[in-house]
Every structure is written in structure tokens, then in C-alpha cells.
Amino acid sequence: MAESKQLLAEEAFQDSFLKAHAAVLLDRDNIEASRHLAKLALRFNHPQAQRFWETVVNHRDFLTQDWKNAIDACFAKEDYQTAFKYLNAWENSGVDSQEEFELRKVQAYALSENFQLALQAASEATKKFPDSMELHKQFLEVLKIAAPADVQARTAQTILSNARSSYDLEWTARNTHLTRDLRLAALERLIDSPKTAVNRQLAYLKYAADLGWNQAIQRTEDIVKRIDITDTETLESLTTLLCSIGNYGEVLKLIDSETASQSRILLRNLLISQISEGDVDDAFDLTSQQRNERLTSIAEETLLRALAFQQTGDVAKFRNNLNQAVTSAESDDLAFLEQQLERLDETEPLLRLYQKVSDSRKFGPQARYLWMRRAVDIGAETEIQNALSGKSDWISQLSNPSQKADAIYYSLIYNIQKENALQQAQELLASYGSDSSFRDLLGLAYLRNDNPKLARAFASEKPDSSRPRSSLIAAAVHGKKLQGEQTLLLAEKELLKL
């Protein structure tokens, strides 16, 4: 075991692990050797980490503190049933660190998607340990998932009055359940903080610009005067920000072809700026299909050619290259192509982009949701149904509960996989029971699955007037007149028998 520890100190990690494993094989009853091996396995995310820790906690000489690492190994393996078993055993054997115990209890509930219990446990834990930043962070993350929007808004207002850390402000800035004004207020605080590094300032400025902050251009100009543009990462962040606010002339002052050759992002920003300023020659040359060397991805280069053809007024070639860019897109191209198609207001290619990526393992569920959502926004009912008709579990893979509810609702409106939608609505309510709109959604699910009695039990008869969807469900379930004016899809009208 001493050899393993020495190799670990020398950062010979694989050799250290092999020596530790050998020590355990030589003496399986040596708890110190087993614990050392289990710690290494957990640290390096070894697939057998949970099994190694199981050996430790089943040894007669295990320590109470071993439960903490054993539970972490269960989390890594996504074995939450065993994690709860270990939590109970830890509590029964005498908790050595109550703060660590409370943190893992919250994490166990959250990771197993018992969000209401997670929120309750996190709220109680932060009262016991008000100075624990780890518990505070966990509380905020669970709050964002499980608490109603008005509770999150009050929390954000408290943060803006007295933020404990930049983490609090970031939580507020990136929380899409909050109003634009609250998020911008948090971003402004982050941008103005003397503790914020330049690269972070640039990232916050881009986010603020995307939210339509009217001071983004002026603040960006102020930063340009004082940053080190010899650092590639900083230059990437700055030129990306400048492109997002349309300051292409400043990009051309900062980078040339030689500088742009340092990175794919710089090259892309240079070409977009040149094209936007009317200079298309480099774009055509560097994205030529005759080149053997690819500077970015095929989809990116094709889209850049489309932008160049748009600038020259060649509509046919613009359209052809735009469609080819979507056809050749991979999942990693999604963000850039989505941004450019949004900027061009090209809805049809954007729908095809989401469709193209909708079956990818990494971005598939989110792309399918965006496909559905964009189709809803333009009232394209066939597109909505096509987007919904994916693998039966794609909705369950969405991490945002509001998006999940959205997808379940339209699945029910169009009677697509309605049995799965019922189960998903049940799970949604079980996880986020504080949101009354999820009860209404379950009522609609029962209605569509031919159970009007349970539909009436769950769907509110007099829902909050600020929730149009709940009003529609109440009208469908209880046979009431739809309150307020709403623009309805044909399928919604058919549900209401209008």
C-alpha cells in the first residue's frame, strides 16, 4: 500500500491503482488497503468503486466516516436505493458529520427525482447549517427545479439585496423561471464586481446582450480598452460578444487571418464579420468545397458560404447552401447554426435543424422539444405532431420541468402516446407537487385516458386566471366555458368541441 501512495504522490495514477488492487488481493482482510483502493476508485470514477466501498462498509472494522464515500460511490453508479440504505445505516451507527449527512440526504432525494422531499430536506438543512455553502448551493438548485415561480422570485430579490456569493447571482442570472429584469440585475452586479475575471465579464456581457440589455454595447467598448487581447481564450470571448451585438468592425480591428488561424472560434468570428461588412472573398476561399483541409465543420463552412451568397444577392445559392448546412449538421453544430438561423429569421431550416439533431444521444430530447415548441409558436400542427412522435421516453429525459409539462400537454392534446403521457404527468406531479398547474395537467391526462372521474378530481374547476392552459383544461374537464381570449390550435378547439 505504501508503494501505491508513493506512486499517487508522483501522479502515476494507473500504477498507483494497480498496486492498491494488488495489496487487497494479497490480504483481503486488510481494511486499510481496501479503503485506500476504494478511495482511489471513487476519485478516478472506476466502474467498480461502489463494489469496493461495499467491501469496506461490510468489514467489521469499518469507520462511520466511510458511509460518506460509500454513498458518493452509489451516486456515481446511479444506485439511489442503496444510497438511501447507506444513509439509514449511517444514521443508525451515529452520524460523525451532521452537515455531510444532511448534504447527501438532499442529494439522494434530488438525484432520485424526489424533488419535493429534496426541497424540504434542503430547507431544513440550511436552517441547521446557515454557513454551509455546499448546502446553500444545493438548496438553490433544488429550489429552481421544485419551487413555484413566485417563491423563486422572492429568493432572487433576497439575493439581490444581500448576495452571499457570486454563485447566488449566477443562479439568479441563469434562472429562466425569473423575469428578465431580475436576471439582468444579477448580471449587472456580476459584470461590475471587481472580483469578476475578464473572461467571466465577457461571458456575462454576452448573456446580458442576448437578454436585450441596452448597456451591453457601451460596457463592451469599455472592456475592449483594458483587456489583454494576446490571450486566445480572452480574444475568443470578446470577438464572440462583439459579433452577438453586431459590432463587426471592432472584430476586424482585433483579428486578422493570421490571428484567426489560432482557433476555430476566432476564424468563424472573423469570417462572419468580414461577410457582414461586405467582404466575401476570404469566406469563399476558406470555405471552398475544393479545399482538402477543413477549418471548421462542414455544416459551419456551408452556412458561412450561405451568408456570403446572401451578401452578394445570389438567392438561389444562399438557399441551397443554407439547406445543405442543415442537412450536414451534427449535434455539435446545433448552437452555432441555431444562433445564425434565429438571426436570419429562417424558421423552416430551423425546424429541419431540430429534426436532424432530434435523435442524437446528447442533444436529442432538447432538440425535439425545441422543434415542437417552435412549431407550436407558428401554429404548424403537422410539425408539432411529428416532433412529438419520437421515442416514448424522450419527454422523461428533459431536465426542465416546465418543458416536460409543455411536451406532455401537447402529447395529450394530439392523443400521441397518451398512456405514456399519463405516467409522465403522474411522475411530474409526484416530483413537483407544489405547482398546481401539474395537477391540472394530470387531470387532462386522465381525461384523455377515459377516466373523467379522476380527471375532475385533479383538474381545478376555477384555476388561476393567469394560467391560460389551466383554464383550457378546466373548460375541457368540467364542461365550462373557456375564460378569457386565447389563440387556440385546431386540436385544442376540437378538445373543447368548439
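Okay, let's start with a definition: buried means under 20% relative accessible area, exposed means over 50%, and partly exposed is in between, using a 1.4 Å probe and protein chains only. Take Arg60 as the example: its relative accessibility is 62%, so Arg60 counts as exposed.

A word on provenance. This is a predicted model, where local features need pLDDT of at least 70, side-chain atom pairs count only at pLDDT 80 or more, and totals for chains, interfaces and linings use all residues. Residues are numbered from 1 along each chain as its sequence is written, and side-chain values use heavy atoms, with hydrogens and water left out.

The C-alpha trace spans about 80 × 70 × 45 Å along its principal axes. There are 498 residues, and 48% of them count as buried. If you look at contacts, meaning heavy atoms within 4.5 Å, between residues at least 6 apart in sequence, 52% join residues at least 24 apart.

Now charges. I'm counting Lys and Arg as positive and Asp and Glu as negative, while His and the chain ends are not counted. That gives 59 positive and 72 negative side chains, with the centres of the two sets 5 Å apart. The place of each charge is NZ of Lys, CZ of Arg, CG of Asp or CD of Glu.

How many salt bridges does a search of the whole structure find? It finds 27, where a salt bridge is a side-chain nitrogen of Lys or Arg within 4 Å of a carboxyl oxygen of Asp or Glu. Let me walk you through some of them.

Back to Arg60: its partner is Asp61, with the closest N and O atoms 4.0 Å apart. Asp61 comes out as partly exposed, at 42% relative accessibility.

Next up, Asp192 and Arg219, where the closest N and O atoms are 2.6 Å apart. This pair links distant parts of the chain: Asp192 sits in helix H12 (residues 180-192) and Arg219 in helix H14 (residues 216-224), 27 residues apart. Asp192 is partly exposed at 46%, whereas Arg219 is buried at 17%.

Then there's Asp359 with Arg368, a salt bridge at 3.1 Å, N to O. Here Asp359 is exposed, with a relative accessible area of 58%, and Arg368 is buried, at 6%. There's also a network of salt bridges linking Arg264, Arg268, Glu300 and Asp333.

Glu492 is in helix H31 (residues 490-495). Leaving aside neighbours within four places in sequence, Glu492 is in contact with Tyr409, Tyr410, Ile413, Leu472 and Thr487.

Leu472 takes us to helix H30, as one of the buried residues there. H30 covers residues 468-478, and nine of its 11 residues are buried, so it is largely enclosed by the rest of the structure. The cover over those buried residues includes helix H26 (401-413), helix H28 (436-448), helix H29 (452-458) and H31. Just after H30, Gly479 takes a positive phi of about 70 degrees.

One more stop: Gln426, in helix H27 (residues 418-431). Gln426 counts as partly exposed, at 34% relative accessibility. Not counting residues up to four places away in sequence, Gln426 touches Leu442 and Tyr446. If you want a sense of scale, Gln426 and Thr172 are 254 residues apart in sequence and 29 Å apart in space, C-alpha to C-alpha.

The search turns up zero disulfides, with a disulfide being a pair of cysteine sulfur atoms within 2.5 Å. Cys74 is buried at 0% relative accessibility, and Cys243 is buried too, with a relative accessible area of 12%.

Note on methods: Helix = DSSP H or I, 4+ residues; strand = E, 2+ residues; numbered from the N terminus.
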